[in-house]
Amino acid sequence: MGIIKLKNIRTFSYHGCLIEEGKIGSDYEVNLEIHANLRKSAESDHLADTVDYVHLNKIVEEEMAIRSKLLEHVAKRIITRVLEEIPMITKTIVEVSKINPPIGGDVESVTIRMKETRKK
């Protein structure tokens, strides 16, 4: 088993419950971790034998571009697509962080973390 991590994927998105958040937008960071058998690609040195992290990044960018009220909702969409589109992935963990959230305090970020394991 192996792990691939995409760290601090930065997007400007429009998530949030407030109307203003949908108009103004804000900065987000996404961390994605996937678990898969990487033995074959370690031996073959062929992209077709591994998880293409360009594909993973594309999934994150596309899902972050779709407005959601809750970070949990966008995280679940990312997880669902990763598991549906890349069969060799057995587990995925995603963290979505809203930078400088409008919560009436000096808070650097709010992060939600969700994980899911492929059902056999």
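Is E63 buried or exposed at 7% relative accessibility? E63 counts as buried, where buried means under 20% relative accessible area, exposed means over 50%, and partly exposed lies in between, with a 1.4 Å probe and protein chains only. I shall return to that residue after an outline of the chain.

Colleagues, this is a predicted model, in which local features need pLDDT of at least 70 and side-chain atom pairs count only at pLDDT 80 or more, while totals for chains, interfaces and linings use all residues. Residues are numbered from 1 along each chain as its sequence is written, and side-chain values use heavy atoms, with hydrogens and water left out.

Let me begin with the fold. The protein chain contains four helices and four strands, in the sequence order β-α-β-α-α-α-β-β. Helices (H or I, at least four residues) and strands (E, at least two) are DSSP runs, numbered from the N terminus. The C-alpha trace spans about 50 × 25 × 20 Å along its principal axes. Of the 120 residues in the protein chain, 39% are buried.

Contact here means heavy atoms within 4.5 Å. Among contacts between residues at least 6 apart in sequence, 61% join residues at least 24 apart.

I turn to the strands. Two strands pair if DSSP finds at least two bridges between them. Strand β2 (residues 26–36) runs antiparallel to strand β3 (residues 89–99), with nine bridges between them. In that pairing, E33 stands opposite I93 in β3. Strand β3 is also joined by nine bridges to strand β4 (residues 109–117), again antiparallel. There, T92 faces E116 in β4.

Next, the charges. The protein chain carries 19 positive and 19 negative side chains, and the centres of the two sets lie 6 Å apart. Lys and Arg count as positive and Asp and Glu as negative, without His and the chain ends; the place of a charge is NZ of Lys, CZ of Arg, CG of Asp or CD of Glu.

Side chains of opposite charge can pair when their charged atoms come close. A salt bridge is a side-chain nitrogen of Lys or Arg within 4 Å of a carboxyl oxygen of Asp or Glu. By this rule there are 10 salt bridges.

One of them joins E21 and K98, at 2.4 Å from N to O. E21 lies in helix α1 (residues 19–24) and K98 in strand β3, so the pair links distant parts of the chain, 77 residues apart. E21 is buried at 12% relative accessibility, and K98 is buried at 9%.

E63 forms a salt bridge with R81, where the closest N and O atoms are 3.1 Å apart. This pair links helix α3 (residues 53–64), which holds E63, to helix α4 (residues 71–85), which holds R81, across 18 residues. R81 is buried too, with a relative accessible area of 17%. Both residues belong to a network of salt bridges that links K58, E62, E63, R77, R81 and E85.

Finally, R113 and E95 meet in a salt bridge at 3.5 Å, N to O. R113 lies in strand β4 and E95 in strand β3, so this pair ties together parts that are 18 residues apart in sequence. R113 is exposed, with a relative accessible area of 52%, whereas E95 is partly exposed at 25%.
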